[in-house]
Amino acid sequence: MTLPIVQAGNPVLRALARELTREEIRSQEIQELIELMRETMRAAPGVGLAAPQIGASIKLTVIEDEAGERTKMTREELDARERYPVPFHVLFNPIIEPVGDEKVEFFEGCLSVAGYAGSTSRFRSVKVSALNEHGDEISINAKGWYARILQHEIDHLNGILYIDRMDTRTFTTGENKVRYWNESEKLGLQKD
Ligand code: ZN
């Protein structure tokens, strides 16, 4: 079973999502929501999904990147993006901070701005602290595409979309990105 993905214009995508308590995280309702979000992300297909994207204004995001299994990106394109497989995991109440000030720019898309992409500058390295699905504290050091996914998904929990950060003159349909922007990948954060 999958959930409908909310599209840009819905105010839930612009709200500041609320944090969950450890008790809430461990509840059956939230554990079931994690499974639904996992299935929805895989079916989309996407490499991350934040709760506001399915209409729930809570600080929860799921992430998984097969990085190459299904994407049409070449080895060279994957390497340029430092895009490597990231196993499925769940973040609650994440706090993100950049590591260093180096930024990298690539096309990015969003399941809630379906069919479009824009070149977006992101920190190359980030550090995230969060709670996992058991309510335990975790900390993550990420680089490259994984760092980009984290920045994109955690932005969702704060009411921010990539279109707020992109170079607006690069905004394009997915089709025109392949046609005019020398990109074989179809859409930034989508798998293929
Ligand atoms: Zn998104």
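Two residues are in contact here when heavy atoms of one lie within 4.5 Å of heavy atoms of the other. Keep that in mind for this tour of a predicted model.

**Stop 1**

Select I58. Setting aside its neighbours within four places in sequence, I58 is in contact with A17, R18, L20, I30, L33, A51, P52 and L157.

**Stop 2: the zinc ion**

Which atoms coordinate the zinc ion? They are SG of C110, NE2 of H152 and NE2 of H156, at 2.1 to 2.3 Å. Along the chain, these donors follow the spacing C-x41-H-x3-H.

Next, colour helix 4, which covers residues 144-157. Both H152 and H156 lie in helix 4, four residues apart, or about one turn of the helix.

Is H156 buried or exposed? Its relative accessible area is 1%, under the 20% cut-off, so H156 counts as buried. H152 is buried as well. Leaving out neighbours within four places in sequence, the residues in contact with H156 are L13, A50, P52, Q53, C110 and L161.

**Stop 3: a cavity and a pocket**

Helix 4 gives the largest share of its lining, three residues. By class, the lining divides into four nonpolar, two polar and two charged residues.

Now clear the selection and pick I96, E97, P98, K103, S121, R122, F123, V126, Q151, I154, D155 and R165. This set lines the largest pocket. Strand 3 (86-98), strand 5 (116-123) and helix 4 each give two or more residues to that lining. The largest pocket holds about 200 Å³ of space. Its lining has five nonpolar, two polar and five charged residues.

**Stop 4: the backbone**

The last stop concerns backbone angles. Most residues other than glycine have a negative phi, and most peptide bonds are trans.

Select A44 and P45. The peptide bond that joins A44 and P45 is cis, with omega about -10°. P45 sits in the loop between helix 2 and strand 1 (48-50).

Move on to E82, in the loop between helix 3 (75-80) and strand 3. E82 is not a glycine, but its phi is positive, near 50°. The relative accessibility of E82 is 15%, under the 20% cut-off, so E82 counts as buried.

Finish at N93, which is found in strand 3. N93 also has a positive phi, about 50°, although it is not a glycine. Is N93 buried or exposed? Its relative accessibility is 11%, so N93 counts as buried.

Conventions:
Residues numbered from 1 in each chain as written. Predicted model: local features only at pLDDT ≥ 70, side-chain atom pairs only at ≥ 80, totals over all residues. Heavy atoms only, no water. Buried < 20%, exposed > 50% of the residue type's maximum accessible area, 1.4 Å probe, protein only. Donors = N, O, S within 2.8 Å, 3.2 Å for Na, K, Ca; no water. 1 Å grid on protein atoms, 1.4 Å probe; cavity = no way out; pocket = protein on both sides within 12 Å on 5 of 7 lines; lining within 4 Å. Points joined across faces, edges and corners; volume = space filled by probe spheres on them. Nonpolar A, V, L, I, M, F, W, Y, C, P; charged D, E, K, R; others polar.
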